[in-house]
Amino acid sequence: AHTHTSSPFTWMETTPTANTLVGGCDDTLAWCKAFCGPQSTSTSSPVATHVNDGYKKDHTFDYDLVVIGGGSGGLATSKEAAAHGAKVAVLDFVKPSQAGTSWGLGGTCVNVGCIPKKLMHNAALIGETLGHDAKAFGFGDLTTSHNWEDMRENVQNHIRGLNFKYRVTLREQEVTYLNKLGKFTSDPNTLEVTDKKGKVSTITAARFLVAVGGRPTNLDCEGGELAISSDDIFSLEKSPGKTLCVGASYISLECAGFLNGLGLDTTVAVRSILLRGFDREIAEKVSERSERALRKT
């Protein structure tokens, strides 16, 4: 689609086969509003069309496809392409965060997102159950102090195990894994790659896929260099202690939630509203629950 801000994609069936792309969810809603609007006179809009990129099976490049980024999208694409017979390489190189944190293969979700977040949320839920509910169910007083170091070590060990499994899976499916940073050159089929020791080389491919994801934005203010982000919280060697979460979108609120659940003094700095762009009824419920939870501590 010309723009892609949401999923799923929608196609228009104008022949026995659906062959006209409307776009993502937002594009589809815009089309529906225009089509159903009382003043609508046209239902047509620019649509994406397939363009021949000049690919030839008998090319002389190193790879059929090079995927830049070893996260969820990059790994899934590389394995699927290899399953269809393509010669594929995956580049994955993590630049350290402002606080110096880096990680292995698997992308944000595995290393500094969904996986460690859910594990730490589970730790918080266990703590709350021990402290609030266990006695009512006949277990007596099971309240105990939380050990951040033990939790962090076990979470990181689990993640390292996943990193290793991803590398094994790529090898089994004959996808080349390169722990290198890619940079496009003036030649459309050549990529300059740099390894962790700074050695520079080049590789070529008939096609490239960019799947690099995103990183948190550092605070641009006095003292901002002292802050950490969600790239750092899950591997901190010591408990962060009293914490201010700057921002009120879902990552900030998730971090605030498990930190508060672990018994840490936690505050959320909100510019205006929580979860801007999310369903407002759900956002308001999250706001109410968060305020009650944070007041208790």
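Modeller: A salt bridge is counted here when a side-chain nitrogen of Lys or Arg lies within 4 Å of a carboxyl oxygen of Asp or Glu, and by this rule there are 3 salt bridges. The model is a predicted one, in which local features need pLDDT of at least 70 and side-chain atom pairs count only at pLDDT 80 or more, whereas totals for chains, interfaces and linings use all residues. Residues are numbered from 1 along each chain as its sequence is written, and side-chain values use heavy atoms, with hydrogens and water left out.

One of the salt bridges joins Arg 207 to Asp 53, with 2.8 Å between the closest N and O atoms. This pair links distant parts of the chain, 154 residues apart, since Arg 207 belongs to strand 8 and Asp 53 to the loop between helix 1 and strand 3 (63-68); helices (H or I, at least four residues) and strands (E, at least two) are DSSP runs numbered from the N terminus. Arg 207 has 36% relative accessibility and is therefore partly exposed, where buried means under 20% relative accessible area, exposed over 50% and partly exposed in between (1.4 Å probe, protein chains only).

Lys 117 and Glu 254 also meet in a salt bridge, at 3.0 Å from N to O, and this pair connects helix 4 with helix 6 across 137 residues of sequence. Lys 117 is buried, at 14% relative accessible area, whereas Glu 254 is partly exposed at 22%. Another salt bridge is formed by Arg 215 and Asp 231, whose closest N and O atoms are 2.8 Å apart; these residues lie 16 residues apart in the loop between strand 8 and strand 9. Here Arg 215 is partly exposed at 39%, while Asp 231 is buried at 5%.

With residues up to four places away in sequence not counted, the contacts of Ile 233 (heavy atoms within 4.5 Å) include Met 120, Trp 148, Cys 255 and Phe 258. In soluble globular proteins, nonpolar side chains tend to be buried together.

Aromatic rings of Phe, Tyr and Trp (its six-membered ring) pair if their centres lie within 6.5 Å, planes under 30 degrees apart counting as stacked, over 60 as edge-to-face and the rest as tilted; the count comes to 4 aromatic pairs. Among them, Trp 31 and Phe 35 are stacked, because their ring centres are 4.9 Å apart and their planes stand at 5°. These two residues lie in helix 1 (residues 25-36), 4 residues apart, about one turn of the helix. Phe 35 is partly exposed, at 45% relative accessibility. Phe 234 is buried at 4% relative accessibility, and Phe 258 is buried at 0%.
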